[in-house]
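Visitor: I have a structure open and some questions about how it packs. Can we go through it piece by piece?
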Amino acid sequence: MRQNLQLEKMQVSLNTFIQKMQLLNRADNPKLVSKIAVKWTKGQTLLTKKLLQYILQSELRIDEGEEATAVEKIIRNDLLEEFKQDELTLGIRQGLYTKDLENLLELRESDLQTKDRIYLLKIQRRLGLGDIQVRAINDRYLGANNYFSLGSNSDLIDYKNRKNRLSVAARINSIDWELTDICEQSDIIVQPTSELDAAKKTRSSFWQKFLLLFLWTSFLLLSFKAWNYWYGNERVVWSNNSNSEQQKLCVDLASRQSSRMSLGEKLLTKKYDRPNSASMIPLYEGMAAFARCEFSLARDKYRQSLAVDRNNPEALIYQNNALAIAGEHFKIAVSVPLGSKPNIAWEILRGVAQAQTQFNRQGGIDRKLLLVQVVNDDNDPDVVQQVAKELAKDPKILAVVGHNDSNSSLAGAKVYQKEKLVMISPTSTSTKLSGIGSHIMRTIPSVSALASKLADYAATESLTEIAICADSQDSASESFAGEFISRANENGIKITDLDCDLARQDLQPSSMVNKATAQSVDALLLAPSVNKMSQAIAIAQANQQKLPLLGNHSLYTYQTIKSGQSAIAGMVLPSPWLSDNEEVSSFSQTAMQYWGGKVNWRTAMAHDATGAIIQGLLQSSDRSSLQSVLAQPDFMVNGATGRFHFQQGDRLGKIELAYIKRLNGDRPRYQFARLEL
């Protein structure tokens, strides 16, 4: 009886899944998709429901004939991320391993090489399988000769020697680069090809102990030197620079006329209202020391300020710069609205600062560190054009992370494209940026993906009539509204003409809400630009929970939570990344250590933009070659949200849904949380 009941519930889930797939137009044959999913999970209830959920959430539309490939891709990328070590997925993981092995054998015509064995080891580790769990598969396909011994000692030594002779760029594209990593991180034992006699073993043991002692001593000495290098021994670096070089640096800093740019000699955040004044004195002392070119002292002072208030990305960038400027370095810029939108600017700067710190602490590339010039553009297109021209004139600047809003990015893009300088925006979503130039890129997914995700959610919630408030003067806001309307129409949703323009000076929030209520709409979509968020929040406050609220990604900021209070509770909005996944995201965990709290999608996207530039620098050292590397179809970046690449400048990525959740407690508090469909 119980088994029959479970089968009935499963059938209901499958029928619901098929109906939703048809409603959302996600597949040509949703019934076949469900059958393939059940075949993979063997009808296990939890796994089946999870897999169906991932398929529904995927942005991928499954065409006829692509059902098996699409389901397998979602299993690998999504399902196994959640159940990688779970016994429930053991059969699935072994099946995927078998399939990869069969494909490899077919490709090699059963003649595997050493690099193929390494590839199989990577597959095994990626699927979370132990040696025992793959032994039967290996024996069945490869025979008694186990392909996980990595061959003889001589094979291993030969691979290591060849690895040491490779350049940095060649290592990245060579499988030899991965051999040492596999050996160090797994429990693989390299077996000798012949037995040694007892006397030989004794002598070998003595020399092994002697060698081990020597290596440990060398390691400790090197560690001590490295510690000195990273924690205050910049004078060693300065000893390699002549007085004339130091004077030139000081002249360059002194002659920097723009009040909108800084390497550390001035503070660009207009108002430092940090709660602990103990951080302010060393902060300003660090700025003054940097301006005098006393870089060692400046670094110490910035470090002292961060010890009291670590949540200051501008100070962390300047601390890193105080070391990088003293030696050879790569120079990039980040342009943010520190004057007009300091909170949003700091969200972006945190991502850049975190990526810069990690890169520099690892020694950079051949000891060349990353120098970051901070720019305040106020989200003003006219100002952006001015600073873009200044940045383009500096031949040392290899790329720019920015700008924040789409109007600013569009203004800067004209200059950067003309001057052949790479610009990667972490936050601009306007469709007008797509394909605008070969040097213009972004790490946030396109507005089409964001708006479509929200429109699909509205369809699943049976919201049949929606009114929209957008900013007619902002390209990103208009693009979001347009893409939402297009997808909503496909889903059978009617858009009511409310004439709610957030750019209007005489906008009356209460009147807009009353008009929407009178027209019996099911929900109200607020799609402001970053410069009109206060108007959108005012409409939410006037609404007072009368109508369900939808929002665009711009509203995913602390200002919404702080100003909206109870009026914005329950609002649903799309996000390219969510911060409530520390258990699976190493980026989230690291960000918590850096900033002492959760970060949002702007920080993650800025980290990815900086990371893409850094990875490009592994294969290039000037503007033109950097652009060529970033634009290659096979150029992949390991970002905060996983691996990604650029397609005509746009990043292809997964979209999440969030909602504003009220927390339990004596006084009302709110936060963004993942919306589980």
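Visitor: What do the buried residues of H22 pack against?
Guide: Strand E8 (494–501) and helix H23 (533–543) are what the buried residues of H22 pack against. Keep in mind that this is a predicted model.

Visitor: Which residues of H22 are buried?
Guide: Met512, Val513 and Ala516, in a helix that covers residues 509–518. They span an arc of only 95 degrees around the axis, so they sit on the same side of H22.

Visitor: Zooming out, how many helices and strands does the protein chain have?
Guide: The count is 27 helices and 17 strands. The protein chain has 677 residues, and 51% of them count as buried. Its accessible surface is about 32,400 Å², with 50% belonging to carbon and sulfur atoms.

Visitor: What about contacts between residues at least 6 apart in sequence: what share join residues at least 24 apart?
Guide: That share is 68% in the protein chain.

Visitor: Sheets next. In what order do the strands of the six-stranded open sheet come?
Guide: The order is E1-E3-E2-E4-E5-E6, with mixed pairing. E1 and strand E6 (440–442) are the edge strands, each pairing on one side only.

Visitor: Which of them point which way?
Guide: Leu369, Leu371, Gln373 and Val375 point one way from E3, while Leu370, Val372, Val374 and Asn376 point the other way. Both sets are buried. In a regular strand, side chains alternate between the two faces of the sheet.

Visitor: What does E3 pair with?
Guide: On one hand there is strand E1 (residues 261–262), antiparallel to E3 over two bridges. Strand E2 (residues 329–336) runs parallel to E3, and eight bridges join them. Val375 of E3 is the bridge partner of Met261, and Val375 is also the bridge partner of Ser335.

Visitor: Which helix goes with E2 and E3 in a β-α-β unit?
Guide: Helix H17 (residues 342–361), and the unit is right-handed.

Visitor: Moving along to E4, how much of that strand is buried?
Guide: Five of its five residues, 397–401, are buried. E2 and E4 run parallel and are joined by three bridges, with Lys331 opposite Ile397 of E4.

Visitor: How do E4 and E5 pair, parallel or antiparallel?
Guide: Parallel, over three bridges, with strand E5 covering residues 422–425. Val400 stands opposite Met423 of E5. E4, helix H19 (residues 406–419) and E5 form a right-handed β-α-β unit.

Visitor: Now the nonpolar cores. How many residues are in the largest one?
Guide: The largest nonpolar core has 164 residues, and Ile55, Phe484 and Leu526 have the most contacts inside it. Another core, of 17 residues, lies apart from it and includes Ala388, Leu410, Ala413 and Met423.

Visitor: Last one: where does Ile568 lie?
Guide: In the loop between helix H24 (558–564) and strand E11 (572–575).

Visitor: Is Ile568 buried or exposed?
Guide: Buried, because its relative accessible area is 1% and the cut-off for buried is under 20%.

Visitor: What is Ile568 in contact with, again leaving aside neighbours within four places in sequence?
Guide: Ala540, Gln545, Thr560 and Ile660.

How values were computed. Residues are numbered from 1 along each chain as its sequence is written. This is a predicted model: local features need pLDDT of at least 70, side-chain atom pairs count only at pLDDT 80 or more; totals for chains, interfaces and linings use all residues. Side-chain values use heavy atoms; hydrogens and water are left out. Buried means under 20% relative accessible area, exposed over 50%, partly exposed in between (1.4 Å probe, protein chains only). Helices (H or I, at least four residues) and strands (E, at least two) are DSSP runs, numbered from the N terminus. The arc is that of the directions from the helix axis to the C-beta atoms. Contact means heavy atoms within 4.5 Å. Accessible areas come from the Shrake-Rupley method with a 1.4 Å probe; for residues, only the protein chains shown count as cover. Two strands pair if DSSP finds at least two bridges between them. A crossover is right-handed if, with the strands pointing away from the viewer, the path from the first strand over the helix to the second runs clockwise. A nonpolar core is a set of buried Ala, Val, Leu, Ile, Met, Phe, Trp, Tyr and Cys residues joined through side-chain atoms within 4.5 Å.
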